[in-house]
Amino acid sequence: MMLKGRKVYKGVAEGEAIVTKDGISFYGGVDPETGRVVEVGHELEGQSITGKVLVFPTGKGSTVGSYTMYRMKKNNTAPVAIVNKEIDTIIAVGCIISEIPCVDKINIDDIKTGQHLIVNGNEGIVEMK
Amino acid sequence: MRLNQEEKDMLEGKFGKATQKSMEILTTLGEIFEAENMIEVHGVQIAGVSYANLGEAGLEFLNEMAEDGKVKVLTTLNPAGMDRENWQVLGIDEEFAINQNRAIDAFAKMGIITTCSCTPYLIGNTPHYGQHIAWAESSAVCYSNSVIGARTNREGGPSALAAALTGRTPNYGYHLEKNRHGQVLVSVNAPVKGTDEFGVLGKIIGDKLVELGKKIPYITGIPSATVEELKSFCASIATYGGTALFHMDGITPEYNKYPKPSDVRFEINQYEIESARAELIDDGIEIDFVSIGCPHASIHEIANIAKLLEGKKVKKEFWITTARPTKKIADEAGYTKIIEDAGAKFAADTCCVVAPIKGRFKGIMVDSAKACYYGRAKNKFKVRIGSIEQCIEEATR
């Protein structure tokens with residue numbers, strides 16, 4: 001099944017989906033050393049996003065979050081791709097500087113954790129296997 | 001999004017890697033916010049300077065950009081985490097100081113003027129009416145849009161840097177006249193005076209805008225306001241309301257350019273001002289730190305502080321945070337000597353919001369509603385707002 005959205009940052013990546021209905025703040029909400037979500041009370045608290053296709057509605061929190069994403073990429077703890085319902089500036093800039101393929105305007109309710117996804121940031125398409 | 005030949009060349013990497021990465025950031029943001037084209041900017045203000053916020057990740061990014069990136073337009077920096085000359089006296093540890101200087105060196109390598117201040121408009125990065133700029137620092141964004149009538153969106157650290165390295169920003173948001181109309185009519189029916197009270201007013205309006213889901217207030221009932229009062233107001237309304245632009249009847253340059261909003265309105269009376277002020281005074285506060293200069297103190301404020309402190313001694317830690325060029329004027333005018341003889345300290349290049357001072361103090365007294373917000377949220381201090389005169393009375397008591 002193909003979901004058509006909007007390209008945010010180029011590149012093609014595939015991996016297992018990890019889906020949340022909560023917004024994500026990379027600054028303070030994710031530990032860039034371990035790749036785990038550390039925000040207290042977050043749906044993904046304690047879970048690793050490393051190497052996954054991270055699917056969430058939109059970003060939140062400080063603009064420093066873009067730098068945290070960059071740090072995760074350098075630490076090899078970053079997600080392989082990001083899928084959003086509606087992109088915000090922090091996540092968009094984070095994907096660009098960290099070179100993480102990203103697509104938004106996707107109905108993320110159609111995606112379940114554990115599904116295998118191919119994110120095509122060149123075309124703005126998310127393919128579910 | 002339409003790009004001209006030079007912009008396309010930037011995006012294709014003909015001007016180097018940093019310029020290419022910058023253009024990628026700007027075109028992506030432009031696509032997201034549906035900009036039709038790029039516009040040239042006349043100046044940039046960059047935030048994300050304190051090492052406490054950047055961390056190694058941010059620093060690594062800056063170093064990568066500094067490999068071949070050079071700014072195209074006048075670019076200045078936000079406050080850093082410390083006074084670059086006087087950090088030891090202010091109790092900043094050496095490891096932090098080394099890292100902070102690494103970050104500032106990366107900015108300097110790109111041709112950025114490393115005066116670290118949240119009031120670029122007071123020290124030479126001063127746009128004129130109608131000019132397009134790309135500024136980060138929410139208080140300065142609000143001041144430049146509203147008080148000067150220049151045009152900028154609320155940029156983050158990386159997008160402001162990208163604008164500096166390309167001289168461009170995507171044409172959307174507050175760059176377009178259609179997005180600059182007042183949306184809410186605010187009638188102020190009480191006298192408002194002093195930096196503290198203008199900060200209180202900013203909090204009331206900011207909170208109310210969030211509640212209403214509106215962005216641009218049109219404010220009536222303020223007969224006059226000084227630069228310092230407007231500076232404090234901008235910092236506060238941007239902090240509490242996320243506001244980037246307001247119009248003030250008879251005071252800001254665009255107040256009669258657009259129709260007055262009429263469908264949404266609210267009033268502010270003496271009662272609202274008193275209760276908002278009370279919200280900025282914590283119960284049981286024990287004040288051990290007094291700080292003036294959020295946003296950075298002007299030379300006029302410093303002259304006033306010198307007058308009030310002359311011949312007195314402060315009995316608590318007392319910082320005056322300001323831009324280094326302003327501090328130099330104070331040095332030459334003799335104000336610095338009067339203030340330091342009284343035992344107060346200058347903290348240039350930094351401020352009580354970005355300096356790593358969490359845990360060092362219990363209660364802070366300030367004349368700034370913005371400083372109250374960050375004093376509580378970031379540094380876990382108890383806070384008390386008061387006028388500059390009350391701050392000095394508290395410090396010398």
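**Entry 1. Helices H2(B) and H6(B)**

I began with one helix pair and found H2(B) and H6(B) oblique to each other. The model is a predicted one. I looked up the geometry behind that description: the axes of H2(B), residues 17-32, and H6(B), residues 157-166, cross at roughly 120 degrees and come within 8 Å. An angle of 65 to 115 degrees would have counted as roughly perpendicular and one over 145 as roughly antiparallel, so the pair falls in the oblique class. I noted the crossing of H2(B) and H6(B) as left-handed.

I then listed the residues that meet. From H2(B) they are Ala18(B), Thr19(B), Ser22(B), Met23(B), Ile25(B), Leu26(B) and Leu29(B). From H6(B) they are Pro158(B), Ser159(B), Ala162(B), Ala163(B), Leu165(B) and Thr166(B). By class, I recorded nine nonpolar and four polar residues in this contact, and no charged ones.

**Entry 2. Leu209(B)**

I next examined Leu209(B), which lies in helix H7 of chain B, residues 194-212. Is Leu209(B) buried or exposed? I found 23 other C-beta atoms within 10 Å, and therefore Leu209(B) is buried; the cut-off for a buried residue is 20 or more. Leaving aside residues up to four places away in sequence, I listed its contacts as Val184(B), Lys214(B), Lys215(B), Pro217(B), Gly241(B) and Thr243(B).

**Entry 3. Helix H11(B)**

I turned to H11(B), residues 324-333, and asked which of its residues are buried. They are Thr326(B), Lys327(B) and Ala330(B). Seen down the helix axis, these residues fall within an arc of 100 degrees, so they line one face of H11(B). I recalled the general rule that residues three or four places apart in an α-helix point the same way, because there are 3.6 residues a turn.

What do the buried residues of H11(B) pack against? I recorded three strands of chain B, S11 (289-297), S12 (317-322) and S13 (345-348), together with helices H10 (299-309) and H12 (335-341). After H11(B) comes Gly334(B), and I noted that its phi is positive, near 90 degrees.

**Entry 4. Chains A and B**

Last, I looked up the contact between the chains: 18 residues of chain A are in contact with 19 residues of chain B. On the chain A side, the elements giving two or more residues are strand S2 (6-9), helix H2 (65-75) and helix H3 (89-98). I classed this side of chain A as 12 nonpolar, four polar and two charged residues.

Terms used: Residues are numbered from 1 along each chain as its sequence is written. Chains are lettered from A and ligands numbered from 1 in the order in which they are written. This is a predicted model: local features need pLDDT of at least 70, side-chain atom pairs count only at pLDDT 80 or more; totals for chains, interfaces and linings use all residues. A residue is buried if 20 or more other C-beta atoms lie within 10 Å of its own, exposed if 12 or fewer, and partly exposed in between; C-beta atoms are placed from the backbone. Helices (H or I, at least four residues) and strands (E, at least two) are DSSP runs, numbered from the N terminus. The arc is that of the directions from the helix axis to the C-beta atoms. Two residues are in contact if their C-beta atoms, placed from the backbone, lie within 7 Å. Ala, Val, Leu, Ile, Met, Phe, Trp, Tyr, Cys and Pro count as nonpolar, Asp, Glu, Lys and Arg as charged, and the others, Gly among them, as polar. Axes are lines fitted to C-alpha atoms, for helices over the stretch in contact, and angles run from 0 to 180 degrees between N-to-C directions. Angles under 35 degrees count as roughly parallel, over 145 as roughly antiparallel, 65 to 115 as roughly perpendicular and the rest as oblique. A crossing is left-handed if the near helix is turned anticlockwise from the far one by less than a right angle, and right-handed if clockwise.
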